[in-house]
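Please look over the sequence and the fold before reading on. The paragraphs below go from the whole chain to its parts.

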Amino acid sequence: MHDPRETPQRSAARVTAGPDFFDAGALVGVLTAQPLDRVLDYRAPEGGCHVGAFVEVPLGPRKVLGVVMGPGEGGYDLAKVRSIIRVLDVAPMAEEMQAFLQKAADYTLTPMSAMLRLATRAPGLGDPPSMRKVYRLGYSEPSRVTDARQRVLDVLEGQGDQAFTLKELSDEAGVTSSVVKGLVKQGAVDEVDTPRDTPYRRLDPAHASKELTEDQRACAQTLDTAIQSGAYGTTLLRGVTGSGKTEVYLEAVAATLRAGRQALVLLPEIALTAEFLTRVQERFGAKPAEWHSGVTMTERRRCWKMVGEGGAQLVVGARSALFLPFRDLGLIVVDEEHDTSYKQEDGVLYNARDMAVLRASICGAQVVLASATPSLETWVNAEAGKYTRLDLKARFGVAVMPELRAIDMRTEDLPGNRWISPTMQAAVTQRIERGEQSLLFINRRGYAPVTICRACGHQVGCDHCDARMVEHRFQKRLMCHQCGETKPMPEACPECKVEGKMAPVGPGVERLGEEAAALFPEARVATLSSDMFASARALKEQIRAIAAGEADIIIGTQLVAKGHNFPLLTLVGVIDADLGLQGSDLRAAERTFQLMRQVAGRAGRAEKPGTAMLQTFQPEHPVIRAILSGDEEGFWRAEAEERRHAGVPPFGRMAGIILSSPDMQEAFDLGTHLARTDAPLRQIGAQVFGPAPAPIARVRGRHRVRLLVKAPKGAALQAALAQWTGALKLPNSLRLSVDIDPQSFY
């Protein structure tokens, strides 16, 4: 990771030094969230306005949201200047937030208008503060429970303290508003008048702190001291899975609340929030604010407003929570900081871990990067002394780390259509007899990764992408995991028209579930995969049932590697440990290592010791050997040396240029032109590789061409890229996006 704090300014927005307040009629510059990368001049409204004020302005025939950035520029016929319609009743954008958006825009080469769009993703910000009716769970049982009524009650029970408008509740439950009104009459649902947005319940840092181990106490004390300093700092909190990292950083949250500042905890998966919110409530006596795609629009607006007014002390959320308008942010925790879901791969391309460090450095906050298997970038920064490093070496309480074993698949007698080896089968049978749980892990969603015709060899591909379609047997459809396109399973081959010859090849999570059910007919098998649940609520419910012991065998994808605690789980079986070791991705070894260690860490987290077994055809591979030996530091040192030798991140800088067009030749011609006119990049010692088709060369009907830029560590890469691509005039059909520090190379 190149440090975003070290990037020189490239002012995307015109921000001029000047007064903080503008009287009515004064010329002011307003940045809108519309795709115009410039500040527009308007007249201040009646009553005037401050710098940072959120305003509604006319733009053509529309009314749009904007922020007052400073004095207007003028220099033309001022008679044409229109007035700001009104100042919105929300807290103004703080200077710190403006500086953060500008620096993030400079670092990611993103227009400021797009950054503002990211920072105002809450509906109805301009709505007047009026009373409205909201609906919550009541205290009576309905006289008759129909299927529709039950769905309404399930939604309200599943969402805790969240309030719903009538439309939100009806839509979420899939019922008409009359069903909700009927439940209100019976007292099963409460209908209340409430001010539009109210502060969250206060969290009490002294409510119920847990007894910490000596290790945990020492780490918590170090973080407490850092928070009290009121200065910026980043800490890597590294601990084996189950060592109690959450307890430590919750104490850091308590220290932040005692200091009167706000805290933000980022989690990689929505599915993790339910369990985490319960822990927060136990520790502080109230639930925090939530910010992620599973939250109602009503709650999103409330969260956005309360964060800006100081009515929310702690926010738990997804990566975009970093762009909320915190009034006084004192702590950012990035849990499972190595997780790839922190990288935003469309729209504004940013890494939430890096942006957390940038935001904290601007507002004098502490960052805690928590992980059992940190990213190499973070490990290198800690080794170099840029980050403090705190280690939790033992599992909490009586739990011990699982025993790790490889199953050499070259010596196993396994039929061609089976994936669970006899050795693994015996181990699972043993756990079932003892009343314990087993997890069989494969990092492939769906039933089978490829559907092939056994008559002509045709593989069913997506009509809009160059990806193979994946069979999802539960849905009885083929699905493209690139663009989401689905189609029914064909009876006949689309190519040779022969019927009855379409066959699934290779295992996916659904197929593995089928095999487990056949091998263990008496066992209760539960399958966990993000695309098998209609809602985050249904997924949370399944996780809760598994934790309560309502399954003997869990079949799971990457989703189960993250943060879940299943007390009865004592065996983890990785079906294909070699998946991911192949390919040209420079992070392949690191990701395999992290994923395998994380999955193995799910075993034996309570009293009973655990075992993790890895099925592999390459037991001598350095990554597999490092996983089995537990020599994590040795793995990081070897991986760091290899990257240093190659001059790639974190010892060099990289940027991906993705060109896309409906016409493949048009995209290639632009790529070739860019490769030939690379003088600005050569001046900083950078090299351009490509153009080449992207590994997935067509997505949603658009052909994708990729160039890769590699530069020395200290190079001013952003300025050179801006100069290199800035002179281009692109036709409407062509799109160009720049990905600084690319995480994947698809």
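What percentage of the 746 residues of the protein chain count as buried? The figure is 56%. Keep in mind that this is a predicted model. The chain's secondary structure comes to 20 helices and 31 strands.

Now the cysteines. The structure holds 0 disulfides. Cys 219 counts as buried because its relative accessibility is 4%, under the 20% cut-off. Cys 303 is buried too, with a relative accessible area of 0%.

Start with Glu 56, which lies in strand S5, residues 54-59. Its relative accessible area is 18%, so Glu 56 is buried. What does Glu 56 contact, leaving aside its neighbours within four places in sequence? The partners are Lys 63, Val 64, Ile 84, Ile 85, Arg 86 and Leu 88. Arg 86 sits 30 residues from Glu 56 in sequence, yet the two C-alpha atoms are 5.5 Å apart in space.

Next comes Gln 98, in helix H1, residues 95-108. Gln 98 counts as buried, because its relative accessibility is 10%. Set aside the neighbours within four places in sequence, and Gln 98 is in contact with Val 51, Gly 52, Met 69 and Met 93.

Turn to a pair of helices. H7 spans residues 245-258 and H8 spans residues 273-284. They pack at an angle of about 50 degrees, with their axes 11 Å apart. That angle makes H7 oblique to H8. The crossing of H7 past H8 is right-handed. Which residues meet there? H7 brings Thr 246, Glu 247, Tyr 249, Leu 250, Glu 251, Val 253, Ala 254 and Leu 257. H8 brings Phe 276, Arg 279, Val 280, Arg 283 and Phe 284. By class, the contact of H7 with H8 has 8 nonpolar, 1 polar and 4 charged residues.

Helix H11 covers residues 376-383. Why is H11 described as largely enclosed by the rest of the structure? Because 7 of its 8 residues are buried. These buried residues are Leu 376, Glu 377, Thr 378, Trp 379, Val 380, Asn 381 and Ala 382. What do they pack against? The strands are S10 (233-239), S15 (366-371) and S16 (388-392). The helices are H10 (352-363), H15 (588-600) and H17 (632-646). After H11 comes Gly 385, with a positive phi near 85 degrees.

Two of those neighbours of H11, H15 and H17, also pack on each other, at an angle of about 165 degrees and with axes 11 Å apart. H15 and H17 are therefore roughly antiparallel to each other. H15 passes H17 in a left-handed crossing. On the H15 side, the contact is made by Ala 589, Glu 590, Phe 593, Gln 594 and Arg 597. On the H17 side, it is made by Glu 632, Phe 635, Trp 636, Glu 639 and Arg 643. The classes here are 4 nonpolar, 1 polar and 5 charged residues.

Definitions and conventions. Residues are numbered from 1 along each chain as its sequence is written. This is a predicted model: local features need pLDDT of at least 70, side-chain atom pairs count only at pLDDT 80 or more; totals for chains, interfaces and linings use all residues. Side-chain values use heavy atoms; hydrogens and water are left out. A disulfide is a pair of cysteine sulfur atoms within 2.5 Å. Buried means under 20% relative accessible area, exposed over 50%, partly exposed in between (1.4 Å probe, protein chains only). Axes are lines fitted to C-alpha atoms, for helices over the stretch in contact, and angles run from 0 to 180 degrees between N-to-C directions. Helices (H or I, at least four residues) and strands (E, at least two) are DSSP runs, numbered from the N terminus. Angles under 35 degrees count as roughly parallel, over 145 as roughly antiparallel, 65 to 115 as roughly perpendicular and the rest as oblique. A crossing is left-handed if the near helix is turned anticlockwise from the far one by less than a right angle, and right-handed if clockwise. Contact means heavy atoms within 4.5 Å. Ala, Val, Leu, Ile, Met, Phe, Trp, Tyr, Cys and Pro count as nonpolar, Asp, Glu, Lys and Arg as charged, and the others, Gly among them, as polar.
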